[in-house]
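Student: Hi! Could you walk me through this structure?
Tutor: Happy to, let's open it up.

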Amino acid sequence: MSLLIENADLPGGRGGLRIENGRIAALGPDLKPAAGEARMDGAGGALLPGLHDHHIHLLALAAARDSLACGPPAVRDAAQLAQALAAAAKSMRPGGEAWIRGVGYHESVAGSLDRGRLDALVEHCPVRIQHRGGALWCLNSAGLAAAGIEAGADLPEGCEVDARGRPTGRLQRLDGWLRDRLGVRDAPPLGAVGRELARMGVTGLCDATPSNGASELALFAAAAEAGELPQRLRIMGSLDLPEPRHPRMTRGALKVMLDEDRLPPESELVDAIREAHGQGRGVAFHCVTRAELVMAAGSLERAGTGPLDRIEHASLAPPDAVEWLARLGVTVVTQPNFLLERGDAYRREVETRDQPWLYRGQGFLDAGVPLGAGTDAPFGNCDPWAAMRAAVERRSAEGALMAGGEALGPEAALALFTSPLDAPGRPRGALGPGEPADLVLLDRPWPEARQALCAEAVRTTWVAGQIAWSRE
Ligand SMILES: [Zn+2]
């Protein structure tokens with residue numbers, strides 16, 4: 001079975017592209033249809049390589065789609081939070097097992113939360129609310145009871161207790177632990193997310209969740225098998241993460257979360273890096289502060305770097321740090337969408353002298369640091385086109401320009417999302433024969449598409465030559 005896409009806007013000019021057995025068989029201006037071949041009129045639209053979101057959290061994204069928004073812009077103050085929770089609680093049976101799951105909370109809404117403050121809002125059913133940063137959950141008393149989190153129980157580090165040893169309801173970096181505790185019955189369906197991403201032209205994903213292990217792998221494989229997740233998937237996770245068996249899945253880096261307030265000894269990180277390299281994997285360091293970035297670079301320098309090592313976010317990267325990363329040959333995976341989504345908070349909270357180093361674009365490229373991007377959804381908006389626009393415009397939601405010298409052109413912004421799934425930021429060759437047919441056809445030529453960079457331009461998305469989404 002082959003398909004000829006005719007009259008498309010290809011990098012070399014107008015032409016056709018033939019898909020055969022899941023791969024690009026030929027492309028060029030003079031392709032003639034073979035006898036009996038299926039044909040599609042590209043109508044002059046740009047035919048691009050499929051987009052790769054190099055940093056996303058699929059299960060959290062799917063769960064967020066099922067969750068109550070508890071932060072800006074939907075909920076902005078304590079009264080709105082109380083109202084949203086009361087509305088959700090109305091449909092909950094007292095003493096029932098079902099949870100109210102809130103996401104996107106930020107202190108600007110109603111300050112810091114704990115069980116007492118949540119109990120005052122909802123008492124009769126379990127509630128858990130996730131902070132916008134993703135690392136902190138807060139549970140009410142019914143939630144703590146449902147999860148078996150009680151004073152005197154064997155509680156892990158990160159489960160905050162008060163002076164008398166009573167859990168405060170605040171759980172720090174215990175996402176995976178909490179999920180295990182609540183069981184897979186709590187796992188959200190992935191089909192809607194798979195479809196939504198395919199509609200935006202996304203053909204490959206890298207799941208950057210540190211707690212990924214065998215049970216998450218099984219959920220992803222089941223979703224891929226059922227056709228719910230049409231994308232290729234690279235999966236980061238722990239050192240215990242097994243090698244996936246599904247043909248569209250590969251094992252990615254060891255994900256290491258760094259937290260400025262409790263950095264581990266460097267020797268511990270050096271051992272982890274060497275162990276990951278021994279498994280043929282890279283290491284991906286979560287770094288949002290200057291100190292975290294210095295810690296990651298220092299331990300990579302001591303352990304020795306490999307081509308798969310990467311820094312996630314590198315939110316704050318002063319010139320000396322950028323130079324260091326360039327020397328180490330380490331890749332950065334950035335989130336330009338945060339400039340739009342969080343820019344106004346950064347302008348208030350980040351020191352003025354550090355603001356030029358926030359989510360840099362051109363600065364990394366000039367230094368020769370391979371730069372890829374991911375949306376970090378659900379902690380950011382999962383639309384890669386909105387992220388590309390943000391990389392070009394660098395405007396906060398209120399319209400403030402954020403280090404305008406770091407702006408990328410539309411082609412460089414697109415390249416953040418088209419580099420290979422196993423090598424974000426490394427140059428991707430032009431579309432060529434033999435490559436997997438992971439493609440996006442737009443409804444307009446590139447010179448027009450580059451002006452708007454919008455997901456609405458996507459007409460058809462193919463993964464391995466199969467249609468993953470089509471407007472028709
Ligand atoms: Zn993330």
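What follows is a chat about parts of this predicted model.

Student: How many residues of each are in contact?
Tutor: On the domain 1 side 5 residues are in contact with 7 residues of domain 2. The side of domain 1 that touches domain 2 has 3 nonpolar, 2 polar and no charged residues. Contact means that the C-beta atoms of two residues, placed from the backbone, lie within 7 Å. For the classes, Ala, Val, Leu, Ile, Met, Phe, Trp, Tyr, Cys and Pro count as nonpolar, Asp, Glu, Lys and Arg as charged, and the others, Gly among them, as polar.

Student: Let's do strand 6. Is it buried or exposed?
Tutor: In strand 6 (residues 51-56), 6 of the 6 residues are buried, so the strand is largely enclosed by the rest of the structure. A residue is buried if 20 or more other C-beta atoms lie within 10 Å of its own, exposed if 12 or fewer, and partly exposed in between, with C-beta atoms placed from the backbone. Strands (E, at least two residues) and helices (H or I, at least four) are DSSP runs, numbered from the N terminus.

Student: Which strand do the bridges join strand 6 to?
Tutor: Strand 13 (residues 202-207), through 4 bridges, and the two run parallel. H52 stands opposite G204 there. Two strands pair if DSSP finds at least two bridges between them.

Student: Now helix 8. Which residues are buried?
Tutor: E216, L217, F220, A223 and A224 are buried. Seen down the axis of helix 8, they fall within an arc of 130 degrees, so they line one face of the helix. That arc is taken from the directions from the helix axis to the C-beta atoms.

Student: Why would spaced-out residues end up on one face?
Tutor: An α-helix has 3.6 residues a turn, so residues three or four places apart point the same way.

Student: What do the buried ones pack against?
Tutor: Helix 1 (58-65), helix 7 (191-199), strand 14 (232-237) and strand 15 (249-257). On the other side of helix 8, A214 and E225 are exposed.

Student: What comes after helix 8?
Tutor: G227 follows, and its phi is positive, near 80 degrees.

Student: New topic! Which strands form the open sheet?
Tutor: The order is 7-8-9-10-12-11, 6 strands with mixed pairing. Strand 7 (68-69) and strand 11 (159-161) are the edge strands, each pairing on one side only. Strand 11 pairs with strand 12 (residues 167-172) in the antiparallel sense over 2 bridges.

Terms used: Residues are numbered from 1 along each chain as its sequence is written. This is a predicted model: local features need pLDDT of at least 70, side-chain atom pairs count only at pLDDT 80 or more; totals for chains, interfaces and linings use all residues.
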